[in-house]
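I am opening the notebook on this structure and want to keep a plain record of what I looked up. The entries go from one chain to the contact between chains, and then to single places in the fold.

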Amino acid sequence: MIRTSHSVPAQRGSLQKFLGAALLAAAAAAAPAQAGVITFDDPNNYGPGMVLGGDLYQEDGYAIGFFANVLGDGIGDLVGMMYDGEGASCDASSQICPANKSGIYFGALNDSYLDMVSVATPGFKIKSFDAGFIGSYSSLSSYPNPVGLVRLLGYKVGGGTVTQDFWFDNTTQAKNFQLNTFNTSGAFANTVLSEVAIYGFACNTVNTSCQAFATDRGQFGIDNIVTTDVPEPATAAIVGLGLLGVAAARRRKTKA
Amino acid sequence: MKMRPLSAAVALLLASIVASAQADDLRRPYIVQLADKPVASYEGDIAGLPATKPEPGQRLELSSNAVVQYSDYLAQKQESVKAVVANAPVSYNYSVVLNGFAAMLTDDEVRALQARTDVASVTPDTPRSVDTTYTSHFLGLDKEDGLWAKLGGRDAAGEGVVVGIVDTGVWPENPAYADRVDGNGKPTFDNSGTLAYDAPPSTWKGNCVSGEGFTTASCNNKLIGAQYFDATFKSLPQYTTHWSEFRSPRDSIGGNLGHGGHGTHTSSTAAGNAGVESIVSGVNLGPVSGMAPRARIAMYKVCWTYNDVTDPTGGKNSCFSGDSVAAIEKAVTDGVNVINFSIGGGSTVTDIVEQAFLHASNAGVFVSASAGNDGPANTVAHISPWQATVAASTHNRELQSDVLLGDGRKFTGASMITTPLPSAPMITSEQAALSGADATAATLCYSKSWVGTGWPVAKQTLDPAKVAGKIVTCTRGTNDRLDKSKAVAEAGGVGMVEIDNGVGLVAEVHAVPTVHVNVTDGALIKAYAAGQNPTAAMTKFVTGTSAVKAPVVASFSSRGPNRYDGNQLKPDLAAPGVDIIAGVTPEMNAAQRANVVNGTAAPVSVWASYQGTSMAAPHVAGIAALLHQQHPTWTPAMIKSALMTTATDTFPDAITSGDTRGVLPFGQGAGHINPNGAMDPGLVFDIAPLDYQRYLCGLGVSGANCSAGQIAGYNLNLPSISVGNVLGSTVVTRKVTNVSSEAETYTPTAALTGYSAVVSPTSLTVAPGATATFTVTLTRTNAAFNTWQYGSVTLKGSKHTVRIPMVAQSGTPFIAPGLISVPKTAATKSYSIQTGFTGTVKALTGMKEITRSDDVVAQAVVSTVNSTAAVQTACRNAIAGVKVTSVTVPAGTLVAQWELFDRDTDAGTGQTDLDLALLNPAGNLVAYSGNNGSNELVSLTAPAAGTYKVCVVGYATPNKVSSNYKLSSAVVTTADKAGNFRVGLPSQVYAGSTATLAAGWSGLATGKRFLGAAQLQQGTTGVIGATTLFQVETNNPIPLGEPVQRTVVQQDSGI
């Protein structure tokens, strides 16, 4: 099968642009040298509900911004949902969402992307994550197999990018709509990143070409992003606190 | 896992519930379904419990170890669930075609059951009504190479097959059910006759139950089973049995005094003996036959007549689903091959009777159900794909006599003249009028006793001095047809030529010999009669062929599209259902009934002509029995496929435009049954039980076992194609199986107006027993939006032609869910829309509490409110029996909705029948909800501003005076911000794609009902697209029953 991928790379730095470059630079800070896991379960940080462009989520020393890849970054537009793991917030008459986990996962909707940086350390590696496709028809037979993929676009600490694609191509179509674990590998797994953009492709029913940022159908649930921090002892933990303040303010604004 | 809510409008009808502050202790009938599969469909998913579903062509073997083990397992689980509602009276336990039980439950008990994960659904039981021969010849069954001949002749057609009838019972003295024949081969009950039937098939496990006026001796080797089911009916204290009823399998008293006859009619149509002389109104119409005359009949009586003062007989007949499911379960375990169900209902696939039919079908039992008599409106019932849903059509039999004029001309018309009328002088009614008589009245021939609108005082119009000894021409209309011949007789006339008014000819017994002629012939006869010394003679009637083309789909036959799933076509096919002569029950008084009960009544059998889809369904049931006999390994889906792919087009009806034309697939389905073609269809479209499961999973209504995936409605392998919305293009897949004995190459073609329809591959060669798959890709070219288009797919082979109907439509730039129901004070729900343009989306949103206001409505005169036209007039004039409330709908309103609930009426037991109608500012009816009972809903999205009238109609109030009610209202605008209701939108959308939206609310009060709306608009143009309604019930809702359209009784007005 020919898998032709067509994509517009995510605009680097939406999160940094939003937070302010100076703040992020300062965030290259001292932090524990331990693996992190983004579970999206922190109730103090975020509960189930809508995620709008520009919203921020913080957990375990990482900040994740949510954006649409359009002019203006989709601030205030629907870019995702914090879904409960049983999928009760998903309208079963018109959608299929992963429903095989307990706790909350993030659903990236409408071709949106996640922009992830480490607040605590200047660099990190992605080890694994759980992901599953979110479909916009209720019937499994409406979809091709592979149904889509998730791309991780990593920005190297020293400059340059590295990508890895993760296909939803299980033989059993239903499994592609469940959260399953993907491990990074090869160059991507070994590269120290300053930032990573995560976005989805939807494959076309007719000829199996897959597109990102062109259909609103690039949608996926993501959970349990396991990272390895790269220790680099340095400056101000206080900057991280400042960033949290910004995030909290942003959240109040969008959740009001 | 719980079953998920239904989608769209159906759910809107089903899911609402009254906001009752206090718990309701009244017990109401429910059917509780558990999560495990019933015996008929269990495929061995549980370790240690082998599958119980029979293989194709095999019978369900109840005594097998597997069935016993699995039944024990189900019984244990049912006991643990029933323990939760230990005080609830349980009327039935089900395990074969449904896993669950029927019980009388309080609201609290319903809530307790709904909270359990092992309970799949708790469904209210609502009463349904029955949808009220020569046709075997019309259908070609008796042709030399016809289906009967193929099966060994009329005397073998149906041999070894059992037809189960779920209906009003049986009148066992009708010779249609005799198992002996006399010296002439005619069916007889006389013990001196020869036994014509041997013992029932060895697979038969059913029995004959005795009761009032019915003993085991009422059954025989033809009528092999007769049982009755009334536990649900008897558990409802508001219903008391009418005197005309028999608590036994016996069909109740008919004629003008009762409501019986229906079950006798349907069963004798499906499988009554051949060669039975039918006598209607004292006239022998000759021998009639069931479709499968040698099949055995098993009656399952589920419909009961109870006291109801609103009916002239003082009684009303209804059938409760709890009883029906018990009957279906018994029929499947008894070993019937075919079930006929000429009873209403079935507007969702999750309806319990529909579910019972799913499992019956999985066990290999073919089900034929009536499409409904609410046509030509889009009201088709029994919408599930696993049964055949049958529309009613006309046939061409006509009882005819000739009018022989003195000048030698001969005209043929409808008649039941039993003795020829010798030549007599003629006169026109106008010439024969009394001096000074009203001109119109003179034309119409009024009798001495007739009164009517504009004719308040009865008086004779014909002059006896002129009429004596003559044949009179009278014109049809205004007064009853029989009143005209009465007028002629009163004036001393000897015969009548009845001149039609364009409605159609009717053969019936008149007071004087009468021939009913058409308009054209009538004008010629009348011109002759007005001349010098006219004379005429009339012949004895014979059974002839009408000049009117047949079949034509009857106007009363309910039309498609399928309102539950636009991706499947209903009805499936058409069969004769107009003027069907079959056995019925006699009219008797209470004393005569008592003699039937005490066994002293002389045997009596009567016939009558009925019309209705009720009469069409047993034609298909009987022919399915023949096909089962011929092809015992065929599945129910294969039998239905054979009937549909060989069906022929009907002739045009009187509707000349629109979706309700009888010739369209929404009227005739695949077409009119062609039994001889169905013997050898070439290819069939088969459906396995797993496919139905996938279909239910795709609908989101089956919580259990979706690991095998889902399919869209249009991809279920039906012998028809319906696509509810082609946005861009849609690929439909079908698989055919060669059931002939030779390989054959088929060339498929497809056509659909307004679409390109491309079939792939372009040629299919299928070996015997092999299957082949093809796809049809539909792409809209120039079809108007939201307009159904019609076409077909034809596979042409060297020996067979296989045709299936195809319908499709395309929607507006947005398609969004119609209704999302969430019973939470705070929630966020994402949902997907389809988009037909590239650009941005705007949404106007609002949410408000649904308010209730107390009011009272008087009992209406039924004739003033029994049609939509009548209701419109009644609302405009605010007549007694209609309570009108004026409501101002401001500009920019998102949705205006009104509801009534049975629980808010005086009785609260389903006996109060209120209706709801809405007039727009121009005074025209724009919405009407006329269900049985008082659960009614009218809803308008994006209504024009102005003053609307909401009309509550007191159709039937138990006390005949009035009923209290509460009107639930919500007019939602963007100013309504309950729960801080908000909707998140995507940054942009794309043509031919989808996008996800989300709606959220929080902080709503508990114990209330709220209505929200999200109206989508194109960002640049502001064009209003779809509106999604959000029903938020924070009052711990109890499910409502399936809305049942009030039955329209199909009867000749006599005029």
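Predicted model: local features only at pLDDT ≥ 70, side-chain atom pairs only at ≥ 80, totals over all residues.

**Entry 1**

I began with strand β19 (residues 397–405) of chain B, which runs antiparallel to strand β20 (residues 410–414) of chain B and is joined to β20(B) by five bridges. Ser401(B) has Gly413(B) of β20(B) opposite. Four residues lie between the two strands of this hairpin, and I found that Gly408(B) there takes a positive phi near 95 degrees.

I then looked up strand β11 (residues 276–280) of chain B, which pairs over five bridges, in the antiparallel sense, with strand β12 (residues 283–288) of chain B. Here Ile279(B) has Asn284(B) in β12(B) as its bridge partner. Two residues separate β11(B) from β12(B) in the hairpin, and Ser281(B) in the turn has a positive phi of about 50 degrees.

Of the contacts in chain A with a separation of 6 or more, 76% are between residues 24 or more positions apart.

I next turned to the contact between the chains, to which chain B brings 33 residues and chain A brings 34 residues. The area buried between chain B and chain A is about 2500 Å², and carbon and sulfur atoms give 51% of that area. How many salt bridges does the rule find across the interface of chain B and chain A? The search gave zero salt bridges there, whereas 15 residue pairs, both at pLDDT 80 or more, are in polar contact across the interface. On the side of chain B that touches chain A, β41 (827–835), β51 (982–984) and β52 (993–1001) each supply at least two residues. The largest share of that side, eight residues, comes from β52(B). By type, I list 13 nonpolar, 17 polar and three charged residues on the side of chain B that touches chain A.

Helix α19 (residues 689–699) of chain B is mostly covered, with eight of its eleven residues buried. Among the buried residues of α19(B) are Tyr692(B), Tyr695(B), Leu696(B) and Leu699(B), and Asp691(B) is also one of them. The elements that cover these buried residues include α9 (352–362) and α16 (636–645) of chain B.

Thr635(B) sits in the loop between α15 (613–630) and α16 of chain B. I count Thr635(B) as buried because its relative accessibility is 15%, which is under the 20% cut-off. Apart from neighbours within four places in sequence, Thr635(B) is in contact with Pro56(B) and Asp686(B). Thr635(B) and Asp686(B) are 51 residues apart in sequence, yet their C-alpha atoms are 7.4 Å apart.

The other threonine I looked up, Thr232(B), lies in helix α6 (residues 231–234) of chain B and is buried at a relative accessible area of 2%. Beyond residues up to four places away in sequence, Thr232(B) touches several residues, including Pro29(B), Tyr92(B), Asp125(B) and Phe320(B).

**Entry 1: salt bridges**

Over all chains, the search of the whole structure finds 36 salt bridges. One of interest joins the side chains of Glu109(B) and Arg27(B), at 2.7 Å from N to O. Glu109(B) lies in helix α3 (residues 107–114) of chain B and Arg27(B) in the loop between α1 (8–15) and β1 (28–34), so the pair ties together parts 82 residues apart in sequence.

Lys640(B) forms a salt bridge with Asp572(B), with 3.4 Å between the closest N and O atoms. Since Lys640(B) lies in helix α16 of chain B and Asp572(B) in the loop between β26 (542–545) and β27 (573–576), this pair ties together parts 68 residues apart in sequence. Lys640(B) is buried at 5% relative accessibility, and Asp572(B) is buried at 2%.

Finally, the side chains of Arg803(B) and Asp649(B) meet in a salt bridge at 3.1 Å, N to O. Arg803(B) is in strand β38 (residues 801–808) of chain B and Asp649(B) in the loop between α16 and α17 (665–668), 154 residues apart. Arg803(B) is partly exposed, at 22%, and Asp649(B) is partly exposed, at 45%. I also recorded one network, in which salt bridges that share partners join Glu159(B), Asp198(B), Arg294(B) and Arg296(B).

How values were computed: Residues numbered from 1 in each chain as written. Chains lettered and ligands numbered in written order. Heavy atoms only, no water. Buried < 20%, exposed > 50% of the residue type's maximum accessible area, 1.4 Å probe, protein only. Contact = heavy atoms within 4.5 Å. Pairing = 2+ DSSP bridges. Buried area = accessible area lost by both parts, 1.4 Å probe. Salt bridge = Lys/Arg side-chain N within 4 Å of Asp/Glu carboxyl O. Polar contact = N/O pair within 3.5 Å; in protein donor to acceptor, adjacent residues only side chain to side chain. Nonpolar A, V, L, I, M, F, W, Y, C, P; charged D, E, K, R; others polar.
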